[in-house]
Amino acid sequence: MNKRISSKGIVVRLLKTIYGFYPVLLPTALFCIILNAIVSSIPSIFMQNVIALIEESWKTGDWNGVKGRIFFFVGLLAFFYVISLIAGFTYNQLMAVITQGTLKKLREKMFNGMQRLPVKYFDTTNHGDIMSHYTNDIDTLRQMVSQSFPQLLISAISATTIFCIMIYFSVWLALFIVAGVCVMLMVTKKLGGGSAKFFFRQQTALGKVEGFVEEIMNGQKVVKVFCHEDESQADFDRLNEALFQESKQANKYANILGPVLNNLGNILYAFVAILGGVLLILDVPNLSISGMAFGISIAVPFLNMTKQFVGNINQVSHQINAVVMGLAGTERIFNLMDEVPEQDEGYVTLVNAREENGEIVECRERTGMWAWKHPHQADGTTTYVKLTGDVRLFDVDFEYEEGKPILHNVSLYAKPGQKVAFVGATGAGKTTITNLLNRFYDIADGKIRYDGININKIKKSDLRRAIGVVLQETNLFTGTVMENIRYGKLDATDEECIAAAKLAGADDFITRLPKGYETMLTGNGANLSQGQRQLLSIARAAVADPPVMILDEATSSIDTRTEAIVQKGMDALMKGRTVFVIAHRLSTVKNSNVIIVLDHGRIIERGDHEELLAQKGQYYQLYTGAFELE
């Protein structure tokens, strides 16, 4: 589980991240924001000058001497308002680019990082919660960066500028404003200070709701077949109620903060007006930097500045909700980005090779022959080992969770071209062994060697290129039939894809589709039958042409007639390859060179079909129906 990040840490990291993306645009936008905030506050000074001139002319009755000065200050007011308009327009345009660009780059970073995460992460994390990072969390970040942060900065700078002008005009009234603001800040801290943790929990609960909805959508047929609608509704209501409670806690203080501060601001405005009136009536000596006497020319602009000042403080409170929620979403985004990627200490790579004078040498062009390039760190030499598909396990122990072993002292070998079948009850460790061959998980003890090389020394990407997998659960992607087959080998030609489909027995049904190989598939191949989807999965593995194949109950979801077609294609596919087969249908493993019977992570029997029947052990009982796989 990721550690919580402090709000300050999130803000600092986010600003560094944005600056890294936009080292020129971000400072420019900040400059425009600051300029807009300062310039929009300065006119109060010129307003005071205009009112003072009008007041003076009213008393003397002489307007001719001040007209030019009045027009001058009015012109300055207009000039500053134009500057404010230009600065505001510029920063809004820049922030649109910065915000959307930042979201784009963060999505890219999340996705790229996610691609490097180990399989264990996806096995233990709700997929809907992962999706929530790309939707809800990104959206809260968008609102914070594009609206809340600029508004907070403008409000803070405006409030500071206005306060400096207040001190310039009247220290007494400015100190009274400070006292009122201190009260408002205490209220803000009291009402909004504890909501951050609830906003983080709200985002987490939202992810759980989305994960549940995705799960139910994927399993909608199962829900309806077993009339599980009421139970699903109850589970959703429970998660939705949890989201409601977290959201309520997060928002209940923040939602009352705005009205409370608005009313406090109005009260402060009224008290400033009263105090200003008292100062005028009592003719109290003014304490100010300007040295001007307190009069109408100061009182009127001061009231206007008080309204502006309080308005900026209120604006800050209005953004607290979005900021805290945005920080919670940003923290979850950073947590995903900080997930530890899959470690790969391998240095043995797979290269194109050919034989010259009885030796294997590396070459750039494709030759149809592959070799392991094995640099030896001890003496600096490099050797090449031909890729043949010789796989051996030596005393392998494994556990998904510490203290809960799954495999115990498993040793086996599969020579090039052999077919090895795993048989056993659910949970016996069949699929676990194949996961270890791909290094989706690493063993706790023992060794696994591929062509005599410890697989820990082989780069994972190269190891997986040398192993083809057909899973029980099919996964097709949005695209044409041809593109889905080519997924096994991205540079495969159309002819190679068609040949693979024919080998798998898929060509017959593909040619009967509306557009043949160009038929578009969507929704994981929803417009195909389960058997047809499985045939495409087999064709996808066939086009990759790996020396080792893993068939994890690949025909379990295919009807008997289709199975006969697939089995024929699979026999052709398996020819000359090392094959590991997991199957509950013992008829599909009869022709295996070796059948290994597993029970609770231990090998209890091994041999070919005839040998195991002669032993009259568990395999015999399974084959004769005396014992059922669970």
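**View 1. The whole protein, a predicted model.** This is a predicted model, in which local features need pLDDT of at least 70 and side-chain atom pairs count only at pLDDT 80 or more, while totals for chains, interfaces and linings use all residues. Residues are numbered from 1 along each chain as its sequence is written, and side-chain values use heavy atoms, leaving out hydrogens and water. The protein holds 20 helices and 16 strands; helices (H or I, at least four residues) and strands (E, at least two) are DSSP runs, numbered from the N terminus. It has 630 residues, and 45% of them count as buried. Here buried means under 20% relative accessible area, exposed means over 50%, and partly exposed lies in between (1.4 Å probe, protein chains only). A contact means heavy atoms within 4.5 Å. Of the contacts between residues at least 6 apart in sequence, 73% join residues at least 24 apart.

View 2. Helix H12 covers residues 430–437. Seven of its eight residues are buried, so this helix is mostly covered. The buried ones are Lys430, Thr432, Ile433, Thr434, Asn435, Leu436 and Leu437. Next, look at Arg439, in the loop between H12 and strand S8 (445–450). Its phi is positive, near 60°, although Arg439 is a residue other than glycine. Most residues other than glycine have a negative phi. Is Arg439 buried or exposed? At 1% relative accessibility, Arg439 counts as buried.

View 3. Glu345 sits in the loop between helix H11 (296–337) and strand S1 (349–356) and Arg439 in the loop between H12 and S8, so the pair ties together parts that are 94 residues apart in sequence. A salt bridge here is a side-chain nitrogen of Lys or Arg within 4 Å of a carboxyl oxygen of Asp or Glu. Side chains of opposite charge can pair when their charged atoms come close. Glu345 is partly exposed, at 46% relative accessibility, whereas Arg439 is buried. By this rule the protein has 20 salt bridges.

View 4. Asp462 and Arg465 form a salt bridge, with their closest N and O atoms 3.1 Å apart. About one helical turn separates the two, because they are three residues apart in helix H13 (residues 460–465). Asp462 is buried at 7% relative accessibility, while Arg465 is partly exposed at 46%. Elsewhere, salt bridges that share partners join Asp129, Asp137 and Arg332 into one network.

View 5. Strand S6 spans residues 404–414 and includes Asn409. Asn409 is not a glycine, yet its phi is positive, about 50°. Lys404 forms a salt bridge with Glu401, the closest N and O atoms being 3.5 Å apart. Lys404 counts as exposed, at 51% relative accessibility, and Glu401 as partly exposed, at 48%.

View 6. Pro341 lies in the loop between H11 and S1 and is partly exposed, at 36% relative accessibility. Which residues does Pro341 touch, not counting those up to four places away in sequence? They are Arg116, Leu117 and Pro118. The C-alpha atoms of Pro341 and Leu117 are separated by 4.5 Å, although these residues are 224 apart along the chain.

View 7. Glu229, Asp230, Glu231, Asp235, Asp237 and Glu241 form a negative surface patch. Patches are made of residues with over 30% relative accessible area and no salt bridge, with like charges joined within 9 Å. Asp and Glu count as negative. One member, Glu231, is found in helix H10 (residues 229–282) and is partly exposed at 38% relative accessibility.

Technical notes
Patch = residues over 30% accessible without salt bridge, like charges linked within 9 Å, V, L, I, M, F, W, Y side chains within 5 Å. Areas by Shrake-Rupley, 256 points an atom, 1.4 Å probe, with all protein chains shown as cover. Charge placed at Lys NZ, Arg CZ, Asp CG, Glu CD.
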